[in-house]
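Try each task before you read its solution.

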Amino acid sequence: MTARRTENAFRWKTALRYGIPFLLMPLLVVLGGWRLGERFYAWGILGMVGLSQVLFFTGFEKRTVGSRRMVIAAVMTALSVLGRVIFAPIPGFKPITAIVVITAIWIGGETGFLVGSLSALISNFFSGQGPWTPFQMFAWGMIGLMAGFLSGPLRKNRVWLILYGAFAGVAYSLFMDVWTVLWYNGGVNWPLYRAAVITALPYMASYAASNVVFLLLLGRPFGEKLARIRLKYGV
Amino acid sequence: MMSLRHRHPGCACVVFACVLLPVIFGVNPVTAGIGLVSGMGLLFLLEEGRGRRRLGWYPAVALASGVLNPLFNHNGRTVLFFLNRNPVTREAVLYGLVMGMLIAAALVWARCFSHVMDTEKLQAVTGRLSPKVSLILSMSLRYLPLFRRQAAQVREAQAGLGLIREENGLDRLRGGLRVMDGMVTWALENGITTADSMTARGYGSGSRTRYRVYVWERGDTALTALSLGLMLIVAAARVTGQIGYTWYPELRVPAAGFGSAAAYGAFGLLCLTPAALEIKDRWKWKVLRSRI
């Protein structure tokens, strides 16, 4: 009974791993473009975000990830969610992006993606789940994944770290505005996007500023601790 | 049949997907309206006190959308009036209202979804897809109260040593960083200990088995099949173009017929099922309790 269940689960995942990139994604593009025409952009992007999310999480299963790295990912996720609570006395300050970036550059981009995605998912249990959750998961995950690719310069040079923090804040805000327009309009509408971006400017500024501040504040102490953990335990 | 909250999480996910798909695919005033009203009904049952009073917010979203859309969208043939030399069209107003209903309906059902699916049920679903991610999710959720307690302890200890002042913002920030510093070192070391303990007990040495809290029952199969069947009726009507509205350049309403009546009826039934099951469940509970 147990063996059959595991085997079934395995087959399921293999089907998803190959089915999504080679079947579902092309199908979405072709069928969507054909049936929905102009309105395809919204559902196309929504669908792609969802599918890439599933693909990443099933792909994560295949790699042999040590239990130490898994627990570190869980610890960093919990810390980024809790960062809000600790810094709650100062309003409008979120350390989530900073912790995701730091995790990504010291432990790896994939762990960064995971920490970003799960932080979005878990913190939304407190601040409200909705159709935007997959988008936030994707945005924070990608911020982590890209930071992993750039880990060389980001580790060595603080200027790059500051620039990346500001970039991540701006990109996050612009990406979530895309979500607002697509969700609302069901298609691309430039005046609406411009209006959304302009209304979100204060948020964009506060995201970028808090990312930079938290990267400056936490970058070194967190980096030292993670580097030490790597050296001592070989995570 | 039991209410959605007591069904298998997989079944609940299918029901929500079956309701949401027809609502968000296709800007149709009838499905959006049915979705919004029935979703608000279900949410009224699931929420208490303050949440119930916040229900009025959802129709407000729909109205706001009706006002906002014509400001950005100037398509449509029937011009009502000009605003800043831009035409405000009847089509854009109606499209905005329907789009608003659609968004409000999706928000209401998303809220219902988070009432029905708590973190434990979500985990049961993700556990099937990826046990590792599900385990990380579970550990993070467990760490939240643990770290909070630890942070309070670290803060107390540091305050007891006279290392924390809270006179101004900068002091508070420094205090927060001090607490976080101690906390993080402890958390990482503690995490490594946990990981080593997991490895020592054989984690990852073989395929993983799970204890299943939720058992798939015959009722789950019935409810899933019912929802999928009703959803397929709507989808069939949609694919054959019987419930497709054209908004621009001129509003064209599809002719009412057997197909559209069947689709709307099926969708109404689908949307009302969760609320009906919930009411039935509560009524049963009341009846049984009064006889004890």
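**Exercise 1. A residue at the chain boundary**

In which helix of chain A does S67(A) lie? Then decide whether S67(A) is buried or exposed, and list its contacts.

Solution. First, the ground rules. This is a predicted model: local features need pLDDT of at least 70, side-chain atom pairs count only at pLDDT 80 or more, and totals for chains, interfaces and linings use all residues. Residues are numbered from 1 along each chain as its sequence is written, while chains are lettered from A and ligands numbered from 1 in the order in which they are written.

Step 1. S67(A) lies in helix α3 of chain A. Helices (H or I, at least four residues) and strands (E, at least two) are DSSP runs, numbered from the N terminus.

Step 2. Apply the burial rule. A residue is buried if 20 or more other C-beta atoms lie within 10 Å of its own, exposed if 12 or fewer, and partly exposed in between; the C-beta atoms are placed from the backbone. S67(A) has 20 C-beta neighbours inside 10 Å, so it counts as buried.

Step 3. Find the contacts. Two residues are in contact if their C-beta atoms, placed from the backbone, lie within 7 Å. Leaving out residues up to four places away in sequence, S67(A) touches A195(B), M198(B), T199(B), Y203(B) and G204(B).

Step 4. Look along chain A. V235(A) is 168 residues from S67(A) along the chain, yet their C-alpha atoms are separated by 9.1 Å.

Step 5. Turn to the partner T199(B). It lies in helix α8 (residues 169–200) of chain B. T199(B) has 14 other C-beta atoms within 10 Å, so it is partly exposed. Residues up to four places away aside, T199(B) touches S67(A) and G204(B).

**Exercise 2. Chain A and the cores**

Solution. Step 1. Count the elements. Chain A has 10 helices and zero strands. Of its 235 residues, 40% count as buried.

Step 1. Check the range of contacts. Among contacts in chain A between residues at least 6 apart in sequence, 72% join residues at least 24 apart.

Step 2. Define the core. A nonpolar core is a set of buried Ala, Val, Leu, Ile, Met, Phe, Trp, Tyr and Cys residues joined through C-beta atoms within 7 Å. The largest one has 76 residues, and A74(A), V75(A), L79(A), V101(A), I143(A) and I136(B) touch the most other members.

Step 3. Follow one member. Beyond four places in sequence, V101(A) contacts I143(A), G144(A), A147(A), Y164(A), G165(A), A168(A) and L215(A). Another core lies apart from the largest one; it has 50 residues, including L46(B) and L223(B).

Step 4. Compare I96(A), in helix α4 (residues 96–107) of chain A. I96(A) is buried, because 25 C-beta neighbours lie inside 10 Å. Its contacts beyond four places in sequence are S80(A), G83(A), S119(A), S123(A) and W140(A).

**Exercise 3. A hairpin in chain B**

Task: how many bridges join β1(B) to strand β2 of chain B?

Solution. Step 1. Four bridges join β1(B) to strand β2 (residues 86–89), and the two run antiparallel. Two strands pair if DSSP finds at least two bridges between them.

Step 1. Name the partners. F81(B) is bridged to V88(B), and L83(B) to N86(B).

Step 2. Inspect the turn. Two residues sit between the strands of this hairpin, and N84(B) takes a positive phi near 55°.

Step 3. Check the cover. Strand β1 (residues 79–83) of chain B has five residues, and the count of buried ones is zero.

**Exercise 4. Two packed helices**

Task: at what angle do α1(B) and α9(B) pack?

Solution. Step 1. Helix α1 (residues 9–24) and helix α9 (residues 218–239) of chain B pack at about 10°, with axes 9 Å apart. Axes are lines fitted to C-alpha atoms, for helices over the stretch in contact, and angles run from 0 to 180 degrees between N-to-C directions.

Step 1. Classify the angle. α1(B) is therefore roughly parallel to α9(B); that label covers angles under 35 degrees.

Step 2. Name some contact residues. Those in α1(B) include C11(B) and V14(B), and those in α9(B) include D220(B) and L223(B).

Technical notes:
Parallel < 35°, antiparallel > 145°, perpendicular 65-115°, else oblique.
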